[in-house]
Amino acid sequence: MGTVRVGLIGLGTVGSGVVEIFSRHREQFRTRAGVDVELTRVCDRDEARFAALGLPAEACTADWRAIAEADDIDVVIELIGGTGIAREVVLAALAAGKSVVTANKALLASNGEEVMEAAAASGVDIMFEASVGGGIPIIGPLKHSLTGNEIASVYGIVNGTTNYMLTRMADDGLDYATALAEAQAKGFAEADPTADVDGLDAAAKIAILASIAFNSRVIFPQVPAEGIRDITPADIEYAAEMGYSIKLLAIARRVSGGIDVRVHPTMIPTSHPLASVNGVYNAIYVVGDAVGETMFFGEGAGSLPAASAVAGDVIEVARHIGSGSLGATGCTCTEHLRVREIGELETSYYIRMLVADRPGVLATTAKVFGDHGVSLASVIQKAASSDAAELVYVTHRACEAEVRAALAEFDALEVVREVAAVIRVQEL
Ligand SMILES: NC(=O)c1ccc[n+]([C@@H]2O[C@H](COP(=O)([O-])OP(=O)(O)OC[C@H]3O[C@@H](n4cnc5c(N)ncnc54)[C@H](OP(=O)(O)O)[C@@H]3O)[C@@H](O)[C@H]2O)c1
């Protein structure tokens, strides 16, 4: 059994978890997985982290090139994050003939093709299980266990921060600002929560999952993303009355003429398994033509869960080194499917508006929908104040472009005070 020499760059949340797993389980890797993996060198720009993690000084460096370009390293783990230095690290390591394991969704979702091509050119592996769903195995299953399927759809709750906030809003009536402040106080949300609450983190993740599920490259800018900033307890209550839960859903579906990929708050039936995924947990629900429905559930973030996925990747690379099969599983994007524009989407919509409380308003608003071919499945009317009423419409399946055109008309109608919420409804 030869020893596979690993270099780790970035000793933050995930990197420190990887150090812990390697020191705890090296013997188990030998006996159970048949590979001897040595954490040969580590790098961080904050040198105080070395002593804090009990790492020997001779194995530590602040210079990432001393790992990415070193002769005595076989596998490089990149855990810096982002698309700047991390991209340089990954490309330098691949060019130097080292396999790379990374958790970097931002890099994969925007520079995936470049990275895959660099790995193929050097005949080495690039693995990234931790980039989506943290500790949940999803990339491996999509690439391997489910290859006997044509995948029809992937629906994911892939951002724990927003799922925690929506759960608190639904269970305890918190408003958005209070839920965010609580998530920040508990360390679930960053000081700048933009990437989470605006759906950008989830968009990067579904770009990666869609690329693998449909064998066709989807990049981050192609994914329309809307976040949860405008979700209110009132909408969550209406949803519950109608038998729905609101989740920030990352969606990828095979549709006629291409694929439909998007992220937005979505009403899903409370009876669906995804509706009971609460708190910081993540889940990815995959439908294949042979396997039917499957759901992968677990901790989508955190030091040890993400490190668990990184360690699994490192062991697989070590096995490939042992069997001489490095680089055999490269880029799987062999097709070029069109990513549909959001305006082409057909789904149902929940629309809540405040209107003047006068006779004929219901008919006026219904006519606008009718003029755009949007048919209505239900309407609830409640008094909002002495002179205003709240109308809650749910449409049948309608074209997004037509719904948007109707909403633009409402803006110009004197009787419509405000379109307070528009949330897509997904029957799964
Ligand atoms: N955290 C999670 O739960 C989680 C889950 C799944 C995937 N991921 C992904 O895993 C990656 C790492 O995330 P993380 O949460 O561990 O980040 P993190 O805690 O910020 O750790 C990154 C570490 O890299 C260091 N670093 C930055 N630039 C460097 C450079 N040029 N040279 C050497 N070290 C450098 C940072 O130092 P400074 O602190 O001085 O910047 C920090 O110690 C990201 O791609 C993230 O998206 C994270």
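Strand β1, residues 3-9, pairs with strand β4, residues 75-78. The sense is parallel, over 4 bridges. Pairing here needs at least two DSSP bridges between the strands. Strands and helices are DSSP runs, numbered from the N terminus: E for strands, at least two residues, and H or I for helices, at least four. Look at isoleucine 9: its bridge partner in β4 is glutamate 78.

Before going on, a word on the model. It is predicted: local features need pLDDT of at least 70, side-chain atom pairs count only at pLDDT 80 or more, and totals for chains, interfaces and linings use all residues. Residues are numbered from 1 along each chain as its sequence is written.

Now the whole sheet. It is open, with 6 strands in the order β3-β2-β1-β4-β5-β6, and the pairing is parallel. Which strands are at the edges? They are β3 (60-61) and β6 (126-127), and each pairs on one side only.

Next, the helices on this sheet. Helix α1 packs on it, touching β1, β2 (36-43) and β4. Contact means C-beta atoms, placed from the backbone, within 7 Å. The direction of α1 makes about 160° with that of β2. Such angles run from 0 to 180 degrees between N-to-C directions, with axes fitted to C-alpha atoms, for helices over the stretch in contact. Helix α12 lies across β1, β2, β4, β5 (99-102) and β6, at about 165° to β5.

Stay with α12, residues 303-323. Its 21 residues reach 30 Å from first C-alpha to last, close to the 30 Å expected. That expected span is 1.5 Å times one less than the number of residues. Glycine 324 follows α12, with a positive phi near 70°.

On to the ligand. Around it are 24 residues, and Gly10, Gly12, Gly81, Ala103 and Ala301 come nearest. Near means a C-beta, placed from the backbone, within 6 Å. Which helix gives the most to this shell? Helix α1, residues 13-33, with 3 residues. By class, the shell has 12 nonpolar, 8 polar and 4 charged residues. Gly counts as polar in this scheme.

Last, the domains. The assignment, automatic or from a database, gives domain 1 (3-131 + 303-323), domain 2 (139-299) and domain 3 (343-425). The C-alpha centres of domain 2 and domain 3 lie 26 Å apart.

How values were computed. Contact = placed C-beta atoms within 7 Å.
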